[in-house]
Amino acid sequence: MRLWLLGFILVSGVVSAAQSLYSMLGSGDYQPPLKVMQQIEKDFPGVIAEFEMEMQEGELVYQFELINPLANAITRFEYRARDGKLLKQKAGKVGADDLGEVEATRLITSKHQTFSGLITMAIKDHKGFLTDAKLDHDLGISYLELKLLDDTGKYKLAFDVENLRQLPLLKWD
């Protein structure tokens, strides 16, 4: 009985947090992540490989990873969601665990695409707010994994970067 009650409390807390984030994003008091992404793409060489949002000290923060495969470099950014102000920027070298993302960024570059453009295509038929997006390359497929939040909760999508279409076999709730 105690485990069941604990499980219920944990699930209730997750649902409540998702509803709170949905209400916060719905207020319109934040820069859209796509707008911040487009600014990064304009100002820095490379391809964004990852986006996520996180609460830090009561404030919503957007985090990005930009990979420049030609320079073998990765740059991490943090932006304040409220006004799009750059808070942190840290550069480093691409590591072994980034190789899937590097492969996907090379494909995006060769196709003259952008991370923000791919996200726009991937979510065009979906209502909700983008909360996470990550490029990866696995089993010979470069794809974009997205997490969206709507009034019913969070859900995931996968988008084929090469063929520019949703991957129905990788779609899950």
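**Sheet, helices and core of a predicted model**

Helix H2, made up of residues 33-43, lies across S1, S2, S3 and strand S5 (129-138), and runs at about 35° to S2. The model is a predicted one, and its eight strands form an open sheet in the order S4-S3-S2-S1-S5-S6-S7-S8, with antiparallel pairing. The edge strands of this sheet are strand S4 (86-93) and strand S8 (165-166), each of which pairs on one side only.

**Sheet and helices**

- Strands of a sheet pair through backbone hydrogen bonds, either parallel or antiparallel.
- S3 and S4 are paired in the antiparallel sense over seven bridges, and Thr75 stands opposite Ala91 in S4.
- Helix H4, covering residues 115-123, lies across S1, S5, strand S6 (141-150) and strand S7 (153-160), with an angle of about 60° to S6.

**Nonpolar core**

- In soluble globular proteins, nonpolar side chains tend to be buried together.
- The largest nonpolar core holds 39 residues, of which Tyr62, Phe64, Phe115, Ile119, Leu135, Leu144 and Leu146 touch the most other members.
- Leu146, when its neighbours within four places in sequence are left aside, is in contact with Ile119, Ala122, Ile123, Leu130, Asp132, Ala133, Tyr155, Lys156, Leu157 and Phe159.

**Gln63 in strand S2**

- Gln63 is placed in strand S2, which spans residues 59-68, and it counts as buried because its relative accessibility is 14%, under the 20% limit for that class.
- The side chains of Gln63 and Glu78 are joined by a polar contact of 3.3 Å.
- Apart from neighbours within four places in sequence, the residues in contact with Gln63 are Glu50, Phe51, Glu52, Glu54, Gln56, Phe77 and Glu78.

**Loop residues with positive phi**

- Most residues other than glycine have a negative phi.
- Glu57, although not a glycine, has a positive phi of about 50°; this residue belongs to the loop between strand S1 (47-56) and S2.
- With a relative accessibility of 86%, Glu57 counts as exposed, since that class begins over 50%.
- Asn72, also a residue other than glycine, has a positive phi near 55°, and its place is in the loop between S2 and strand S3 (73-80).
- Asn72 counts as partly exposed because its relative accessibility is 40%, a value in between the limits of under 20% for buried and over 50% for exposed.

Key:
Residues numbered from 1 in each chain as written. Predicted model: local features only at pLDDT ≥ 70, side-chain atom pairs only at ≥ 80, totals over all residues. Heavy atoms only, no water. Helix = DSSP H or I, 4+ residues; strand = E, 2+ residues; numbered from the N terminus. Buried < 20%, exposed > 50% of the residue type's maximum accessible area, 1.4 Å probe, protein only. Polar contact = N/O pair within 3.5 Å; in protein donor to acceptor, adjacent residues only side chain to side chain. Contact = heavy atoms within 4.5 Å. Core = buried A, V, L, I, M, F, W, Y, C linked by side-chain atoms within 4.5 Å. Pairing = 2+ DSSP bridges. Axes fitted to C-alpha atoms, helices over the stretch in contact; angles between N-to-C directions.
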